[in-house]
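Here is a model to look through. Please take it with the questions that come after.

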Amino acid sequence: MTQVTRPTPERLDAFTVPSQPGNERLALARVAGTVQGRGLSDARLERLKTAVAEATMNAIEHGNGNRPEIPVEVEVTRSGHDITVAISDQGGETHPGHGDQEEPDLLKKLDGDQSPRGWGLFLIRNMVDAMDVTTDGQRHTIWLTMRTTGAAHDEHV
Amino acid sequence: MTSMCEATTRALPGAAVIELAGEVDGSAAAVLTAAYERAVTASADPADLGTVVLDFAAVDYINSTGIALIVSVLARARAERRKVVASGLSAHYREIFDITRLSDFIELFPDLDGAVSQLGTA
């Protein structure tokens, strides 16, 4: 049997932001600075920035309840061709920022049959190559991965 | 939260232009609503206001809550039988308008001149 050796993830950055609305801009700017020049095109970097901002907003609002004393933790790693951003809060299993949310339907929203909101997770899923969610006790983490080569979501605009 | 969004409104025959600048996020709700109200009241004949142009050329950030605000503006305009068009979106936000299907309901133009020049030709 051939053994496959997976590269050990290299930590590129780790930081926290206080859980205050608007601090998602701090997270996206810092992540953008960290991953710039590491093989993502400008368009794919913009997608990652949007995903990071939306995931951090969810962590601030839904995970940590806008309580500044509870930080949102952000870690950026690289493993092979993958860049992964992990965003953690203390929302636990009851995190309302994910789960069986109704898929946003614009026509329903325009007709008043669905709230105009509810785009966050939809955007995240469509911006990154892979998204995963894990929960360990109270710690809730969303993992956003972008491949730096041969990505499925490459430019089509 | 202090809004980082600004909006200026100007009336054209049968249309109104709302030029947005800064960040279209949750804090922009009051700014966008007020701009739409101004657009309607500034019209010589509000009943004749057929098109609202949203110009995003000076917008550098739109998040999911901002998308929700745009949906609300579009819903109101549709209920009032007005068309909404948009101009000046970056390639990234044009993609988001496509993904969310906003571009099925809001015609997109590269720039404000292009959007304004088609007024009255529809």
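What follows is a short exchange on chain A, one of its helices, and chain B.

Me: What kind of model is this, and how is it numbered?
Reply: Residues are numbered from 1 along each chain as its sequence is written, while chains are lettered from A and ligands numbered from 1 in the order in which they are written. Local features need pLDDT of at least 70, side-chain atom pairs count only at pLDDT 80 or more, and totals for chains, interfaces and linings use all residues, as this is a predicted model.

Me: In what order do the elements of chain A run from the N terminus on?
Reply: Helices (H or I, at least four residues) and strands (E, at least two) are DSSP runs, numbered from the N terminus. Chain A has four helices and five strands. Their order from the N terminus is β-α-α-β-β-α-α-β-β.

Me: What percentage of the residues in chain A is buried?
Reply: Buried means 20 or more other C-beta atoms within 10 Å of the residue's own, exposed means 12 or fewer, and partly exposed lies in between; C-beta atoms are placed from the backbone. Chain A has 157 residues, and the buried share is 35%.

Me: Is F122(A) buried, partly exposed or exposed?
Reply: F122(A) sits in helix α4 (residues 120–127) of chain A. Setting aside residues up to four places away in sequence, F122(A) touches E103(A) and P104(A); contact means C-beta atoms, placed from the backbone, within 7 Å. Because F122(A) has 17 C-beta neighbours inside 10 Å, F122(A) counts as partly exposed.

Me: Why do the buried residues of α4(A) line one face of the helix?
Reply: G120(A), L121(A), L123(A), I124(A) and M127(A) are buried in α4(A). The arc is taken from the directions from the helix axis to the C-beta atoms. Seen down the axis of α4(A), the buried residues line one face because they fall within an arc of 160 degrees.

Me: Which elements are included in what covers the buried residues of α4(A)?
Reply: Both chains contribute to the cover. From chain B come α2 and α3; from chain A come α2 (42–63), β4 (130–136) and β5 (139–147).

Me: Is the crossing of α2(A) and α4(A) left-handed or right-handed?
Reply: The two axes come within 9 Å and cross at roughly 150 degrees. Axes are lines fitted to C-alpha atoms, for helices over the stretch in contact, with angles from 0 to 180 degrees between N-to-C directions. A crossing is left-handed if the near helix is turned anticlockwise from the far one by less than a right angle, and right-handed if clockwise. The crossing of α2(A) and α4(A) is left-handed.

Me: Which element gives the most to the side of chain B that touches chain A?
Reply: 20 residues of chain B are in contact with 17 residues of chain A. On the chain B side, the elements giving two or more residues are α2 (64–79) and α3 (91–99). With nine residues, the one that gives the most is α2(B).

Me: Are α1(B) and α2(B) roughly parallel or roughly antiparallel?
Reply: The axes of helix α1 (residues 29–42) of chain B and α2(B) come within 10 Å and cross at roughly 20 degrees. Angles under 35 degrees count as roughly parallel, over 145 as roughly antiparallel, 65 to 115 as roughly perpendicular and the rest as oblique. α1(B) and α2(B) are therefore roughly parallel.

Terms used
Two residues are in contact if their C-beta atoms, placed from the backbone, lie within 7 Å.
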